[in-house]
Amino acid sequence: HIYTSSGTYIPSVILRDASGCEILYSFNTIHIGSLDAQLYVDTNYVCKPETVNFIDSSNSSSPITNWQWNLNSAPLATTQNASNTFITNGSNPIELIVTNAFCSDTINDSIIVNGATATIDNSPTIGCIDLETNFNISNSNSQEQIWNFGEGVPITNTQDTMTYTYTSIGTYYPTVVIRDAHCLDTLIFDSVQVGSLQAEIY
């Protein structure tokens, strides 16, 4: 017999001989439980770095005794709820295995992580007034850049190389905001130090 509903069952059988005598035999009690694994996530699409919370929302006929969260096929947590901060682009499978006194069940989901990526450098970073510093972006999936050289008005364009001339003494902290189809990120260049030197003859 296949039990299709949760509950407690006491199966029995009546035996009857040729003379019509009957006897009732009861089998061991059968306990049937149910478990439907469910999970809730804040969002399935994020820009790195971002933390996503994983919430167990399973339906169980008895208290759940074990939770196993796996992320990218590796153990993540054994608590009822979990979280993770995503810092790398790509698709990240998430799996929840729940167990109660009767059975276990599994549910799967995925988190898609987007974000612009790039390698940056700038030089020279030390010099006298009218210092021309070159700023470069490489290995980038950025579709647009917002350049901030530490002074003046930010410049928005799609160029991977920029040159800026510093005409005043000071220390500058240049940045660039890179943007892909979904997300943006701010990258920080090496600071630029500009000084002056005045030669005098006596």
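Rings of Phe, Tyr and Trp (its six-membered ring) pair if their centres lie within 6.5 Å; planes under 30 degrees apart count as stacked, over 60 as edge-to-face and the rest as tilted. The structure is a predicted model, in which local features need pLDDT of at least 70 and side-chain atom pairs count only at pLDDT 80 or more, while totals for chains, interfaces and linings use all residues. Residues are numbered from 1 along each chain as its sequence is written, and side-chain values use heavy atoms, with hydrogens and water left out.

**Exercise 1. Aromatic pairs**

Task: State how many aromatic pairs there are, and describe those that Phe135 forms with Phe149 and with Phe189.

Solution. 
- Step 1. The rule gives a count of eight aromatic pairs.
- Step 2. Phe135 and Phe149 make a tilted pair, with 5.1 Å from centre to centre and 55° between the planes.
- Step 3. Phe135 belongs to strand β17 (residues 131–138) and Phe149 to the loop between β18 and β19, so this pair links distant parts of the chain, 14 residues apart; strands are DSSP runs of E with at least two residues, numbered from the N terminus.
- Step 4. Phe135 is buried at a relative accessible area of 0%, and Phe149 is buried at 3%; buried means under 20% relative accessible area, exposed over 50%, and partly exposed in between (1.4 Å probe, protein chains only).
- Step 5. Phe135 also forms an edge-to-face pair with Phe189, at 5.0 Å centre to centre and 75° between the planes.
- Step 6. Because Phe189 lies in the loop between β23 (184–188) and β24 (192–195), this pair ties together parts that are 54 residues apart in sequence.
- Step 7. Phe189 is buried, with a relative accessible area of 6%.
- Step 8. One aromatic cluster is formed by Phe135, Trp147, Phe149, Tyr164, Tyr166, Tyr172 and Phe189.

**Exercise 2. Strand β18**

Task: Determine which side chains of strand β18 point to the buried face, and identify the partners of this strand.

Solution. 
- Step 1. In a regular strand the side chains alternate between the two faces of the sheet.
- Step 2. β18 runs antiparallel to strand β22 (residues 175–179), and five bridges join them; two strands pair if DSSP finds at least two bridges between them.
- Step 3. In this pairing, Trp147 stands opposite Val176 in β22.
- Step 4. Three bridges connect β18 with strand β19 (residues 155–157) in the antiparallel sense, and Ile146 stands opposite Thr156 in β19.
- Step 5. β18 and β19 form a hairpin with six residues between them, and Gly150 in the turn has a positive phi of about 90°.

How values were computed
Helix = DSSP H or I, 4+ residues; strand = E, 2+ residues; numbered from the N terminus.
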